[in-house]
Amino acid sequence: MDQFAVKVFVRLRPSVLDPAGEATKSASIKLGAEGIKSLRIGKMIEVKIEGNGENEVREKIDLLCDRLFANTVIEDYEYLLEKL
Amino acid sequence: MDSFTVGVVVFPGSNCDRDVSWALEGCLDIRTKYLWHESSDLSDVDAIVLPGGFSYGDYLRCGAIARFSPIINALDEFVKSGKRVLGICNGFQILTESGFLPGALVANKNLNFICDDVELDIVSSKGGWFNNGDEKHTIKLPIAHGEGRYHCDSDTLKKLVDNELISLRYKNNPNGSSFDIAGITNEKGNVLGLMPHPERACDETIGGTDGLFTLKSLILK
């Protein structure tokens, strides 16, 4: 069995308003940071997983992302996979 | 014949289960039975309420973990059989996460947790959930949520409008919901999800009785 470390990034779709991102953008400007054009908040999920090769693990991660980690009505996802 | 029984689902973190039971039993004389989320036996209930609260601590997304509980898996057959399911607040979030209703509920536009009474327009009488005897077109119900902004894409919204699936719209949109949506049904009309709490408006002493009809309509065939 091969071991993999996976980082999944879940983000609100661009068409969905992100009020937490807007509030953080506003605070960033108050802090004095200049030039911020956009700030959006997402989630990062780290998974350690084993399986028979990368393809099998990608299938499992795709299922997890599509059915659980992200709600594809409002969110997009992508992930980075590293063999340990 | 056994009397009509409404199952009230209890998740870890549900906090309106007893309110729903009180409203049904105490105000409407309808028998209730608590259903623990790990149960999948729905054989002795005739309708189901998914109550408000914070199932599984709202971890990941509101309703996302509850979707995988045995009782929600069993709900598919129950809904297909035409029996009635009412999802209130967190229950509405669970119904969208599990695909029984379209769209999603996301953080309120202003980020506030809003606890208030709101005026609602009854838009559609699909499923008979709001055909109140007084022919009221506007009702007042309490809301209490941080993530109640209804969101869907434009195709879904068109489908909701064209098929008269929007039951309730806010008169003064408090949370930024698309098209002021506060509650929707499925196409058959036997599943209703709404953010306002009808169970908190069932007695004049707590501010109103506009929620009675919706709970009472659980017994409709």
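From the N terminus on, the elements of chain A run β-α-β-α-β. That gives chain A two helices and three strands. Helices (H or I, at least four residues) and strands (E, at least two) are DSSP runs, numbered from the N terminus. This is a predicted model, in which local features need pLDDT of at least 70 and side-chain atom pairs count only at pLDDT 80 or more, while totals for chains, interfaces and linings use all residues. Residues are numbered from 1 along each chain as its sequence is written, and chains are lettered from A and ligands numbered from 1 in the order in which they are written.

Start with the sheet of chain A. Its three strands form an open sheet in the order β2-β1-β3, with antiparallel pairing. Two strands pair if DSSP finds at least two bridges between them. β2 (43–51) and β3 (75–83) of chain A stand at the edges with a single partner strand each, so one side of each has no neighbour in the sheet. From one strand to the next, the twist averages 25°. Strand β1 (residues 2–12) of chain A is joined to β3(A) by nine bridges. Within β3(A), Glu78(A) is the bridge partner of Phe9(A).

A helix lies over this sheet. Helix α2 (residues 53–69) of chain A lies across β1, β2 and β3 of chain A, and runs at about 155° to β3(A). Axes are lines fitted to C-alpha atoms, for helices over the stretch in contact, and angles run from 0 to 180 degrees between N-to-C directions. Two residues are in contact if their C-beta atoms, placed from the backbone, lie within 7 Å.

What are the overall dimensions of chain A? Its C-alpha atoms fill a box of roughly 50 × 25 × 15 Å, taken along the principal axes. The radius of gyration of chain A is 16 Å, whereas a compact globule of 84 residues would have one near 12 Å. This radius is taken over C-alpha atoms; the globule rule is 2.2 Å times the number of residues to the power 0.38. Buried residues make up 14% of the 84 residues in chain A. A residue is buried if 20 or more other C-beta atoms lie within 10 Å of its own, exposed if 12 or fewer, and partly exposed in between, with C-beta atoms placed from the backbone.

Now turn to chain B. Its secondary structure comes to five helices and 11 strands. The radius of gyration of chain B is 16 Å, close to the 17 Å that the globule rule gives for 221 residues, so chain B is as compact as a globular protein of that length. Buried residues make up 52% of its 221 residues. Among contacts in chain B with a separation of 6 or more, 75% join residues 24 or more positions apart.

Strand β11 (residues 191–194) of chain B has both faces covered. Val191(B) and Gly193(B) are buried on one side, Leu192(B) and Leu194(B) on the other. Strand β4 (residues 84–88) of chain B pairs with β11(B) in the parallel sense over four bridges. There, Val85(B) has Val191(B) as its bridge partner. Strand β10 (residues 181–185) of chain B pairs with β11(B) in the antiparallel sense over three bridges. Here Ile184(B) is partnered by Gly193(B). β10(B) and β11(B) form a hairpin with five residues between them, and Gly189(B) in the turn has a positive phi of about 90°.

How many residues of helix α3 (residues 90–97) of chain B are buried? Eight of its eight residues are. They include Phe92(B), Ile94(B) and Glu97(B). The buried residues of α3(B) pack against β3 (47–50), α2 (70–80), β4, β5 (104–106) and β11 of chain B. Just after α3(B), Gly99(B) takes a positive phi of about 85°.

The largest nonpolar core has 67 residues. A nonpolar core is a set of buried Ala, Val, Leu, Ile, Met, Phe, Trp, Tyr and Cys residues joined through C-beta atoms within 7 Å. Val6(B), Val9(B), Ile48(B), Val49(B) and Ile88(B) touch the most other members. Leaving aside its neighbours within four places in sequence, Ile88(B) has contacts that include Cys16(B), Val49(B) and Leu194(B). A second, separate core of eight residues includes Val57(A), Cys65(A), Ala70(A) and Tyr77(A).

Finally, the two chains meet. Nine residues of chain A are in contact with 13 residues of chain B. Helix α1 (residues 19–31) of chain A gives the largest share of chain A's side, three residues.
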